[in-house]
Amino acid sequence: MACGISLQPKMVLASLRVRKQGNGRCTNVPRNVNLEKLQNNYLFPEISKRELQHLEKYPNAKVISLGIGDTTEPIPEQISLSMANYARALSTADGYRGYGAEQGNQALRKAIAETFYKDVAIKDTEVFVSDGSQCDISRLQLLLGSKVTIAVQDPSFPGYIDSSVIIGQAGDFQDKTGKYQNIEYMQLGPQNNFFPDLTVTPRTDIIFFCSPNNPTGHAATRKQLQQLVEFARDNGSIIIFDSAYAAYISDDSPKSIFEIPGAKEVAIEISSFSKFAGFTGVRLGWTVVPEELLFSGGFPVIHDFNRIVCTCFNGASNIAQAGGLACLSPEGFQAICAVIDYYKENAKILVDTFASLGLEVYGGVNAPYVWVHFPGSKSWNIFAEILEKTHIITVPGSGFGPGGAEYIRISAFGKRKHIIEASWRLEKLFSKGKPLFNCLK
Amino acid sequence: MSLMNNLSTSMISSSSSTFLAPTSFNSSRTQSVSVPLKSINIVKCVATPQEQQNAYKTKVSRNANIAKLQAGYLFPEVARRRAAHLLKYPNAQVISLGIGDTTEPIPDVITSAMAKRSHALSTLEGYSGYGAEQGEKALRAALASTFYRNLGIEDDDIFVSDGAKCDISRLQVVFGSNVTMAVQDPSYPAYVDSSVIMGQTRQFQKDVEKYGNIEYMRCTPENGFFPVLSKVARTDIIFFCSPNNPTGAAATREQLTRLVKFAKDNGSIIVYDSAYAMYMSDDNPRSIFEIPGAKEVAIETASFSKYAGFTGVRLGWTVIPKQLLFSDGFPVAKDFNRIVCTCFNGASNIAQAGGLACLSSEGLEAMQEVIGFYKENTKIIVETFNSLGFKVYGGKNAPYVWVHFPGRSSWDVFSEILEKTHIVTTPGSGFGPGGEGFIRVSAFGHRENVLEACRRFKQLYN
């Protein structure tokens, strides 16, 4: 299904006031052709732009943002207190710290290894603390270089594809298919239980795999991940496993790729404190690169990643890291779980709302995203309709790839009262007898 | 069985050509007189040791660009040497004048703003999630009015970051692999290393100690540490750091005017690193944008690291004027913005709150005091080496002292100093072949350590 283009945002010269210059005013430096390939603005700033435009049109509208997955609940006190204390200590002779290890504070690396990877024997030396997954994805791309091929789930978090285009791994964008050449799009949908059919997936060097999935909310089962690891092993590929939403898992789906035997030789795992601890603004995450992971010549991947981290990065903020350590204390962890439960309850309310309307709804059980199917429609049109009629921001599925063309992602981050209000407005919009509902059926 | 644990530490040769890429995963950079490090994992990575030959290998080729890199990044290598030295002499009172790591506490006005922001994140009114990737509006405005007043730089020309080192790599991602670059020689190693990683260079040539396809602009005492531009080939990008790390040289208005003209004539882009501008004592430009015409040819990058002791807090900024255009007329700022939105997610909001406090009048005053303290350190170090009869450069406009050891290998001098005085410095050749024969002594440190270090230098070289 070709992605809807009627309301597709196009590259605009936005707020930069550029007078068209004569040749004398330009440098002779050629623009990076890879950046020219990018089709649109990055998805989430585009959503923000739409929100602003909507507010200009309806200045009194009570807009509810269920678009960008931005956390809303305050950080538990003991965690922010430890960050405040660390900050204050930087004013003292004993407490002052300069450059930290680029790989992260040792105690934090240990705590991450012990909290998340205790049973799978990942060492603290294999954990690299960062300022978040979006940054880690790009650092991994720098590590891998332009000559590798990648596969992504379709739909998927746009950072994988965009960073791949930027680094030069992708070919041109094809309007007809809505895909970049040279990237393998592994389609996900209800028809294949939101897990790609690996028997028809060609080999690529790298496989980006996010579970629980953004945007579909599906958490891969142990069996599915075993298949994935076997597939990677047979093909000599490297999986980059994005486990940013692992804390939202409700059933016994694996929380880490390393729960699968053999994964250490084929996988890197990235994760984040953003959706786990509300650190979207504080900035903290981590990447695990097992020592066993080797390039084709036998060279350890961890060695090159360490080089990238030392050369292109200078460590996550020490204050954020102090917060991270507090998150992983027993009390901190418990407090965070309470916040996660709050968002999960939000997700449940949204799932129930859509289900009760007779719409096809997925996700929302193992992830803070609800994925709603509007068969035969164009997601940007649905996005616009919802925004116009209910003042609710969502994310059109095609922003995540052509596989999302008929879907809308609704994020469950928000104040409970806003979630309830949103549900009520959506019920009004989609209930039987309403024109929008009828034209969809 | 871990491959890493099987490798033993061995005697480290002082000659750079025998370096193997180091991996000191637990390099803890402590600041003052040393405390014996507890558990150190020092490993030396050797390509394909025995046990790996039977291990499972993926079919993913290693990035050929990274394979071009000659050794580990310079500063972790210096840290590794320091750690090895401590193993050898566990009771040595090592003094670190190597890595330019700040040592003095951050002024209260700044940390209390960060503490306040931290507390606020626990409240309904004060919680904030994702910030604008380009940085918080108030901070961008404060940066514009503090550093670029009357220079025609607007708030939205400024992109807040987690530091200059990260910005350099993001700029390289913007530029891509098909541009050529020039660097000062010697220079801060991140410019060259990021260029290699990005694929802009050819192989390292051992005989000249340079990467192919990089234009090295020699900066020596003979040319006043400013390149002879008539001898410099055109490149797309020119990295220029002033006040300079490692030489401490500050370019004059006349020199920068020539540099801007050179860039203009060649259609090049200058990436101007002003991380040490506030250390300037002389009346030299602090920003490239003080030079008329610079907005059409230059990007400026800067950092709170050495001003506010934010080396661990992580905060910096990059300025890209709207007038800076690629050859097809496309604004460079637009591509940088795209990179910032896609490959980054903003500097930590707590760090940004600290940055804003730095730029209050109280904060600026407090920063000037700390900078003044380090400048006094620099003065002491300069006087020491002068009194010992060395040719000493820098130290006036930057927190680095560049000492000449004619005819000697800088790694050898580094090792000798370390062995005989337990002082860590940085060998000049780590900054490029133009640094051979020099040692960089950094002036960050507690006063008593700097004084003690100078006593030891006097003992060694008298």
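User: How many bridges join β11(A) to strand β12 of chain A, and which way do they run?

Analyst: Four bridges, and the two strands run antiparallel. Strand β12 covers residues 369-373 of chain A. Bear in mind that this is a predicted model.

User: Which residue of β12(A) is the bridge partner of G363(A)?

Analyst: That's V370(A).

User: What is the strand order in the open sheet of chain A?

Analyst: The order is β11-β12-β15-β14, four strands with antiparallel pairing. β11 (360-363) and β14 (395-396) of chain A are at the edges with a single partner strand each, so one side of each has no neighbour in the sheet.

User: OK, over to chain B. How many helices and strands are there?

Analyst: Chain B has 14 helices and 17 strands. Of its 462 residues, 65% are buried. The accessible surface of chain B is about 16000 Å², and carbon and sulfur atoms hold 51% of that.

User: And what share of the contacts in chain B comes from residues 24 or more positions apart?

Analyst: 74%, counting contacts with a separation of 6 or more.

User: What does UniProt list for residues 93-457 of chain B?

Analyst: An unreviewed UniProt entry lists that stretch as "domain: Aminotransferase class I/classII large". In the model, residues 93-457 of chain B are 37% helix and 16% strand, with the end C-alpha atoms 14 Å apart.

User: Now helix packing. At what angle do α6 and α10 of chain B pack?

Analyst: About 115 degrees, with the axes 9 Å apart. Here α6 is residues 164-175 and α10 is residues 332-343 of chain B. The crossing of α6(B) and α10(B) is right-handed.

User: Which residues make the contact?

Analyst: On α6(B) they are D167(B), R170(B), L171(B), V173(B) and V174(B). From α10(B) you get D335(B), F336(B) and I339(B).

User: Switching to strand β14 of chain B: why is it largely enclosed by the rest of the structure?

Analyst: Because four of its five residues, 400-404, are buried.

User: Which strands does β14(B) pair with?

Analyst: One is β13 (residues 392-394) of chain B, antiparallel over three bridges, with Y393(B) opposite W402(B). Another is β17 (residues 438-442) of chain B, also antiparallel, over five bridges. In that pairing H404(B) stands opposite F438(B).

User: How many residues are between the strands in the β13(B) and β14(B) hairpin?

Analyst: Five, and in that hairpin G395(B) takes a positive phi near 80 degrees.

Methods. Residues are numbered from 1 along each chain as its sequence is written. Chains are lettered from A and ligands numbered from 1 in the order in which they are written. This is a predicted model: local features need pLDDT of at least 70, side-chain atom pairs count only at pLDDT 80 or more; totals for chains, interfaces and linings use all residues. Side-chain values use heavy atoms; hydrogens and water are left out. UniProt positions are given in the numbering used here, feature names are shortened, and annotations may be inferred rather than shown by experiment. Two strands pair if DSSP finds at least two bridges between them. Buried means under 20% relative accessible area, exposed over 50%, partly exposed in between (1.4 Å probe, protein chains only). Contact means heavy atoms within 4.5 Å. Accessible areas come from the Shrake-Rupley method with a 1.4 Å probe; for residues, only the protein chains shown count as cover. Axes are lines fitted to C-alpha atoms, for helices over the stretch in contact, and angles run from 0 to 180 degrees between N-to-C directions. A crossing is left-handed if the near helix is turned anticlockwise from the far one by less than a right angle, and right-handed if clockwise.
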